[in-house]
Amino acid sequence: ILLANGVYAAAYPLHDGDYEGENVEFNDRKLLYEEWACYGVFYKYQPIDLVRKYFGEKIGLYFAWLGVYTQMLIPASIVGIIVFLYGCATVDENIPSMEMCDQRQNITMCPLCDKTCSYWKMSSACATARASHLFDNPATVFFSVFMALWGKQGLSGKNIGDDPRFIAEYEARVLEKSLKKESKNKETDKVKLTWRDRFPAYLTNLVSIIFMIAVTFAIVLGVIIYRISMAAALAMNSSPSVRSNIRVTVTATAVIINLVVIILLDEVYGCIARWLTKIEVPKTEKSFEERLIFKAFLLKFVNSYTPIFYVAFFKGRFVGRPGDYVYIFRSFRMEECAPGGCLMELCIQLSIIMLGKQLIQNNLFEIGIPKMKKLIRYLKLKRQSPPDHEECVKRKQRYEVDYNLEPFAGLTPEYMEMIIQFGFVTLFVASFPLAPLFALLNNIIEIRLDAKKFVTELRRPVAVRAKDIGIWYNILRGIGKLAVIINAFVISFTSDFIPRLVYLYMYSKNGTMHGFVNHTLSSFNVSDFQNGTAPNDPLDLGYEVQICRYKDYREPPWSENKYDISKDFWAVLAARLAFVIVFQNLVMFMSDFVDWVIPDIPKDISQQIHKEKVLMVELFMREEQDKQQLLETWMEKERQKDEPPCNHHNPKACPDSLSSPAPSHSYHGGVL
């Protein structure tokens, strides 16, 4: 209450002492700095017991979980590298990409935009097709199954117990309400915040969250319009090299815009989520933390993954066909995927956003922002201090030195970084097998960076008891289950894995992939263009085009039902849906099998825990027996104190007088 009312500026435990200097006494903080918070000891195990002793169990559990998660990334990184190297080794043997690069095929593609775009050769997309094979190959399916099992089985834990500590703001609000109630009537009943008190805050939360999600969707729509407009503008460029690299240029610039927007909105959404949680006035620390985590994760999840979801599942799905395209605002034609599919573009999107967030947000911000705040506090203190500032600093007490450090804001930002990264590693790993490797390299730095921040930049947090990582475990489980579904749809709908299988086993004449590219392309008669949509320069390729090709399964223009969906489309769609069902059930079966074969707790540790429980029970029983004996002894002594003393005047008080016979005084002879 005093903190909430501003009586005290802050309350925090003190650090043990300084962590660097010549004459600094040895302490736990200095030991943690030398053996844990330095980048040079990245190869060593973390001193979790010392971290737990110094910072408390909750922070110790975070670093223990982070260490386990980082170790789990090692096998995932190795398998991802093998899959990538397999793609590199087989790229020259991939028949579909060879056909796309073969200029003798002379496949003329339909324009990518209206009027300004002209016809183009499929061979101009040769580099994109070859690069797509690095990530879209048969090994990708195996890697997706592996990562799905990895995400479901690797991380475990249970929910944290309730934290009974009350929040100062809640107590202040209750006190304020009770004082108002006592001023009206003299009732002394216990006062609580009801739903009427919280309804305005709940309504504000709902409206704000919906508004911020709508803002995210609006920004993604704006980037889509930018991509369409930029593609049309670059198509009018006179340079052949610029026109041949339109897709790469537009994709890269749009992803950079998305990255900048995501980083900015992440910071904004984090502050808004904390403010929305504060106005709810939760009762306990645990309730506050769970509500904050829910809001922050929801907003940041939508913010980080919406552009990726668009490329993976929406781009190229609602394009229409030449002569009957779908338009946004009746002006912008929907984007199309490259002839090799959208998987390569999804890989570019995922890699730039993931690496950019890790480099800029997770590392530079964590290093730069605390140092900047520390410098600002130092300059303010120096401005307010007397001229003999240096002597004043030397005389400072420990609490004054720690007050200049950054306040501890909780573990939510730290966990959030890793959970979002976990989503990048698992949700779309089919499109970027190197994601676990980059996550591993980032986490090796992240552990020491967080350790240095806790030891040198932050005030010492209050130690909190905890059994596990809390609500984050449920979020990890949810992401693990969602990853199975998303990877199944990425492989079946975003990549060309299923169309290749269907062609190989249903349509191939010689059992090879020769002719696959031609099979996936439909034909269009250029005389069927709508008015005002045909290319302004139809002779840009040097010859007159009568039939152009586009990626779809439709009837040819010489068919009775021209441009209708063909039977091949329905065959591929059925195979895709069947693959999704088989993939999910296969992963679930293998997950249950792994659960059965490999228990959550190893057998030796389970036996050790059982022995500890038996010893604890024996120790408890022994202590109870000792207490019982001590109690009986004490009661016996008290009973003896209450009994009257035994003497000749009161022979009945003697216990032996009732049971023992009287001594005999008969004379047997001899001298008396």
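These are my notebook entries on what I looked up in this predicted model.

**Ground rules.** I number residues from 1 along each chain as its sequence is written, and I leave hydrogens and water out, since side-chain values use heavy atoms. As the model is predicted, I take local features only at pLDDT of at least 70 and side-chain atom pairs only at pLDDT 80 or more, while totals for chains, interfaces and linings use all residues.

**Overall.** I looked up the secondary structure and noted 22 helices and eight strands in the protein chain; helices (H or I, at least four residues) and strands (E, at least two) are DSSP runs, numbered from the N terminus. Of its 672 residues, 43% count as buried, where buried means under 20% relative accessible area, exposed over 50% and partly exposed in between (1.4 Å probe, protein chains only). The chain exposes about 37,500 Å², of which carbon and sulfur atoms supply 62%; accessible areas come from the Shrake-Rupley method with a 1.4 Å probe, and for residues only the protein chains shown count as cover. Among contacts (heavy atoms within 4.5 Å) with a separation of 6 or more, 78% are between residues 24 or more positions apart.

**Salt bridges.** I counted a salt bridge where a side-chain nitrogen of Lys or Arg lies within 4 Å of a carboxyl oxygen of Asp or Glu, and by this rule the count comes to 23. Lys58 forms one with Glu289, with the closest N and O atoms 2.5 Å apart. Lys58 lies in helix 3 (residues 57–90) and Glu289 in helix 11 (residues 285–314), so this pair ties together parts that are 231 residues apart in sequence. Glu289 counts as partly exposed, at 22% relative accessibility.

I next looked at Arg227 and Glu345, whose side chains meet in a salt bridge at 1.9 Å, N to O. Because Arg227 lies in helix 8 (residues 195–235) and Glu345 in helix 12 (residues 343–384), the pair ties together parts that are 118 residues apart in sequence. Arg227 is buried at 3% relative accessibility, and Glu345 is buried too, with a relative accessible area of 10%.

In Asp266 and Lys357, I found a salt bridge with the closest N and O atoms 2.6 Å apart. Asp266 in helix 10 (residues 246–280) and Lys357 in helix 12 are 91 residues apart, and the pair links distant parts of the chain. Asp266 is buried, with a relative accessible area of 3%, and Lys357 is buried with 6%.

Glu417, in helix 15 (residues 412–427), is buried yet has no salt bridge, and the nearest side chain of opposite charge, Lys453, is 5.7 Å away; Lys and Arg count as positive and Asp and Glu as negative, with His and the chain ends not counted. Leaving aside its neighbours within four places in sequence, Glu417 is in contact with Asn362, Glu366 and Glu446.

**Aromatic pairs.** The structure holds 34 aromatic pairs, counted when rings of Phe, Tyr and Trp (its six-membered ring) have centres within 6.5 Å, with planes under 30 degrees apart called stacked, over 60 edge-to-face and the rest tilted. The rings of Trp65 and Tyr69 have their centres 5.5 Å apart and their planes at 15°, so I recorded the pair as stacked. These two residues are four apart in helix 3 and so are separated by about one helical turn; Trp65 is buried, and so is Tyr69.

**Pro433.** I placed Pro433 in the loop between helix 15 and helix 16 (435–457), where it is buried with a relative accessible area of 1%. Its C-alpha atom is separated by 8.1 Å from that of Ser77, 356 residues apart along the chain. Apart from neighbours within four places in sequence, Pro433 is in contact with Gly80, Val83, Phe135 and Phe143.

**Positive phi.** Most residues other than glycine have a negative phi. Lys115 has a positive phi of about 65° although it is not a glycine; I found Lys115 in the loop between strand 1 (108–109) and strand 2 (120–121), partly exposed at 44% relative accessibility. Tyr563 also has a positive phi, near 70°, and lies in the loop between strand 8 (547–551) and helix 20 (567–597), but Tyr563 is buried at 4% relative accessibility.
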